[in-house]
Amino acid sequence: MALIKPKQKFVIVSNRLPVSVSRVNGKLEFKPSPGGLATAVSSLDNNAEERLWIGWPGISNEELKPGDKTLIKRKLRQQGCFPVFLDEEQVKNYYGGYSNDTIWPMFHYFQSLAQFNNEYWDAYKEVNQLFAEAVADQADERASIWVHDYQLMLLPQLVRSVMPRSSIGFFLHIPFPSYEIFRLMPNRRELLEGILGADLIGFHVYDYGRHFMSSVLRILGLESSHGSIVLPDRIATVDVFPIGIDYKKFKESVRDPAVVKEIKSLNNHYNKQKVIISVDRLDYSKGIRKRLESYATFLEQNPQYHKKIVLVVIAVPSRTEVESYQLLRDQIEQTVSRINGKYASLDWMPIAYQFKNLPYEQLVALYARADVALVTPLRDGMNLVAKEYVATKQESPGVLILSEMAGSVDELPEALSINPNDSASIIEALEIALTMPKREQRQRLESMQRRLSRYTVQRWATDFMEQLAHSKKVQAERREKDLPEDAKLQLIQDFKKAKKRLIILDYDGTMRELVSSHKPAQATPPAALMQLLQKMIEMPKTKVAVISGRPREVMEKWFGRMDLAMAAEHGAWVKESGEWSQAQVSFQKYKNLILPILERYLERTPGAVIEEKRFAVVWHYRNVAPELAYVRNSSLRHELNHVLENSDIGIHNGHKIIEMKPRGINKGVIAQELLAMYPSDFILAAGDDYTDEAMFEALPEEAYSIKVGLGETHAHFRLPRVKNVLSLLEELTEK
């Protein structure tokens, strides 16, 4: 009988569940809270999977009675949800505090409003850990996990730490700021490391992804190439997925009888007046005050529009318990009152202001009736109001005025783009919009509608999940060379029964983690490593060789008293039977050409270091600002290529270095010499960078060759980190 394959779980994790729980008249009440994300998730075609949504249900622990948690879990499970319970203090400090008083203003470029509070940060870590425990409880490594937004930026890595092979996606629904802003965050490193726990990291627009990769490079020192960031254990992919709307729903809603009724009501109320709408969540990032002031100036400069236009302002309540938002509401309402007081008449109110969340039918009707949509956020991750407005304009013309600081501006180039900080820009756009011919309005709308109809919120979700699956497939292909348990057991078995053994090891990045400096003192072998090497040396029938790019003097200082075969400067110097011998190659005349060039670059490249060896010269740029390093390295390589053209000197890129050395000196040559000197029926070689590839190529097919870390390699197997190499060597020494 065929075995039934268990369903793979698809787990969505967000701050809030799509179902809200509250206590009404002493009883628990469960209400759906649909949004764009809920619509997107419900549309995913993953029938073969069990779907689960993890999040906070909206009710605090203090409001719960004995037995409520069990009841809530049972009820929510029926709707495909699992709750993470939080107390009032956690909600206050994690959500209201770190999420919305620290991250939100910083990521929206309002750094002067950000509050850096250790209590906030502690709560943020604590709640992210609670979410991680919920994910670990409800999922396994076969699950696909999609984490959402700025409240849970630590979560991907927390999940990765307990389920390292999981498929994890992360999407940020707000802007990611430039490095110059992000670097101000006290916990910047932890946030980046948290996000990098994901296999696929999504942003709304390219600029946000670019800012993220720049911060990863400047703060963590991790380079990216074509959106791929190489980590010790895998590759994280950064990509752009501009979230859409439920286009079909908005398009068809304008024909809904309830909406048609609302449109007629609006037509009767505003008669022949032109309606300009402004719909926003009440937030300082939306630029509402600036918008109102610009409208007031427009009225002052264009008296011919008095009584002919009306600005309908819908301010959706947001974080009403926060003092700064209460102050903002007061300021906006005072501004509305002042403008109306100055320009209103008995039969005309220039601004119709409502502080509430409109029902869907009324909102769609307002979109459909509006002649102009004025969308002018100072900074916005995407802004779906602009897209919703365009989608509803199926039977009536209209003009979209859109801030160039909104993420949606790239998808809607036919909108009138404005600088939200420039009143003159807003006023000019209003003048153009109110006089634009209807034919041009329709042409612009139709172009935008075609675009929005193709990349809907449903397509956005499917696209992200397809890319996540592709990222995991690529990772699986790269892991094909990972040393599996059965191959490791065979390696150990072959080692134990071998008559003669040869072990060839690189040092930096293989037996010792790479350090940020080229200085030998910083990379001194720890006592545990020295003890391990000594145990290997003392094993019968075993020869251990260490091949390094380090200078001969350093190698002698570190390992001189041990019975090792050694090669320094990648083989320029070889020590065997207690004596050092040097390669018979000429390098001095080329060194005299190279050093003046490097010294000239050194003078204007802060952080760069020149390392001079007998048979190599190395340009170190680990401590150089990445952008400057890129410029300098390109120019330097161009100049060196010109000077060393037609010579036998190679120019090589390594870990934050450029190395110049004779082509005849490489680890492949030394490996062949070692093989000749020590014929063995068991050969093991391990290394981590480009210099070790020549060694891998020189080894016989039956040898065990191991690449440490990611990257293309000729080695047969791969281990992710130095600690894995040391662990393997420890197992070889066990009796």
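Select residues 573-576 and 579-582, the strands E21 and E22, which form a hairpin with two residues between them, and look in the turn for Ser 577, whose phi is positive at about 60°. Helices (H or I, at least four residues) and strands (E, at least two) are DSSP runs, numbered from the N terminus. This is a predicted model in which local features need pLDDT of at least 70 and side-chain atom pairs count only at pLDDT 80 or more, while totals for chains, interfaces and linings use all residues. Residues are numbered from 1 along each chain as its sequence is written, and side-chain values use heavy atoms, with hydrogens and water left out.

Stay with E21 and E22, which run antiparallel and are joined by four bridges; two strands count as paired if DSSP finds at least two bridges between them. Lys 575 stands opposite Trp 580 in E22, and Lys 575 is also the bridge partner in E21 of Met 566.

Next, select helix H10 (residues 257-270) and helix H13 (residues 360-369), whose axes come within 8 Å and cross at roughly 55°. Axes here are lines fitted to C-alpha atoms, for helices over the stretch in contact, and angles run from 0 to 180 degrees between N-to-C directions. Because of that angle, H10 is oblique to H13, where angles under 35 degrees count as roughly parallel, over 145 as roughly antiparallel, 65 to 115 as roughly perpendicular and the rest as oblique.

Now move to Glu 411, in the loop between strand E16 (399-403) and strand E17 (416-418). Glu 411 counts as buried because its relative accessibility is 13%; buried means under 20% relative accessible area, exposed over 50%, partly exposed in between (1.4 Å probe, protein chains only). Show its neighbours as well: leaving aside residues up to four places away in sequence, Glu 411 touches Pro 242, Ile 243, Met 382, Lys 387 and Arg 451.

Finish at the open sheet of four strands in the order E23-E24-E26-E25, where the pairing is antiparallel. Its edge strands, E23 (609-612) and E25 (649-654), each pair on one side only. Helix H22 (residues 626-643) lies across E24, E25 and E26, running at about 165° to E25.

How values were computed:
Contact = heavy atoms within 4.5 Å.
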